[in-house]
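Please find below my notes on the model, arranged as numbered points.

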Amino acid sequence: MITGMRDPSTPQAKAPLRTRQAPKQTAYNDIDLTRWKEYDEVSTDSLWVIPSRERSAGHKLDYHGNCVPQILTQMLQRYTKTGETMVDFFLGSGTSAIEAHRLGRHCVGVEIQPRMAAYVQEKIDDLGIGETTRIITGDSTDKIWTGRKIRNALQEFNVDQCQFAFLHPPYADIIQFSNLEKDLSNAGSTDGFLEEFEKVASLAFELLEKGRFAAVVIGDKYTNGELIPLGFYCMDRMNRVGFKTKSIIVKNMTGNERGKGRTSNLWRYRALAGGFYLFKHEYVIVFQKP
Ligand SMILES: C[S@@+](CC[C@H](N)C(=O)[O-])C[C@H]1O[C@@H](n2cnc3c(N)ncnc32)[C@H](O)[C@@H]1O
């Protein structure tokens, strides 16, 4: 008989019941790889064009220099499981704390400015998300004192190490965040900034669980007509302390800026006259602790 046709003399085999495949997951997120086609909201592309910032769940543009919440959404979905804990070494206005809570994760955040730490504490109290957040007023370059405070906060979430580390430092001196000496925006020179950044990277490496991920959000800058590639320099410092680079994501800048109007035309003029290009992107660089 022709292959593929059933021999009518044999009894028809019972069709097997269609059972759902057992979920297949990595050790570091909740994504079920047997249903990988269903995760449209999770990005795997290295170019992110985010037209507007997320404003739900208490997110607002209340701090010059804060990041769009969507960066945290993507990172936490890819690199953490529900109930796990992240550490944000540059908390700023608390974007990570709000997003971690929204996604059912914990967040320990360190911020050097007491004023900002108090502001975020008030914000999370108003939002009623204090249970998933611990805020530390401190200097993230200080391995001993801040390291100890972070470890204590992690203990409150029943872990010794975190499952994700987030570093969104000042982009050197582009924005001066405070007058505090240990504020990275006051490091004085690119080398000084990188030395201080490396101390934070080293603390992040120590506090992150093996096999887990860290992300650095950073942009480049111009000084005296020369491009200073802070993104690549910071990547190098992360590598020096032991992190392996997994991905460089290029993210557009829109969604994070207030209206620029006439000044953007002025910059366009300066770019044309000076032979350079205007920054429209920053980096989200992803690392893994081997
Ligand atoms: C780019 S902002 C982070 C913004 C934050 N991701 C947000 O969405 O609001 C950098 C923050 O790092 C803080 N900072 C600077 N030096 C620091 C240090 N040594 N330790 C801890 N925080 C520091 C600044 O005060 C500032 O709030």
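1. The second largest pocket holds about 260 Å³ of space, where a pocket is an open set of points on a 1 Å grid over the protein atoms alone, with protein on both sides within 12 Å along at least five of seven lines. Its volume is the space filled by probe spheres set on the points, which are joined across faces, edges and corners. The lining divides into six nonpolar, three polar and three charged residues, with Tyr and Trp counted as nonpolar, Asp, Glu, Lys and Arg as charged, and Gly as polar.

2. This is a predicted model, in which local features need pLDDT of at least 70 and side-chain atom pairs count only at pLDDT 80 or more, whereas totals for chains, interfaces and linings use all residues. Residues are numbered from 1 along each chain as its sequence is written, and side-chain values use heavy atoms, with hydrogens and water left out.

3. The ligand is surrounded by 23 residues (a heavy atom within 4 Å), of which the closest are Tyr 63, Ser 93, Thr 95, Glu 111 and Gln 113. By class, this shell has ten nonpolar, nine polar and four charged residues. An oxygen atom of the ligand lies 2.6 Å from a side-chain N or O atom of Thr 95, and a backbone N or O atom of Leu 184 is 3.0 Å from a ligand nitrogen. Of the 610 Å² of accessible area that the ligand has on its own, the protein covers 99% (Shrake-Rupley method, 1.4 Å probe).

4. One cavity of 30 Å³ or more is present, a cavity being a set of points where a 1.4 Å probe fits but cannot get out. The largest cavity has about 40 Å³ of space, and its lining includes Ser 93 and Thr 95.

5. The mean pLDDT (the predictor's confidence in each residue, from 0 to 100) is 91 for the protein. Over residues 1–13, however, pLDDT stays under 50.

Conventions. 1 Å grid on protein atoms, 1.4 Å probe; cavity = no way out; pocket = protein on both sides within 12 Å on 5 of 7 lines; lining within 4 Å. Polar contact = N/O pair within 3.5 Å; in protein donor to acceptor, adjacent residues only side chain to side chain. Contact = heavy atoms within 4.5 Å.
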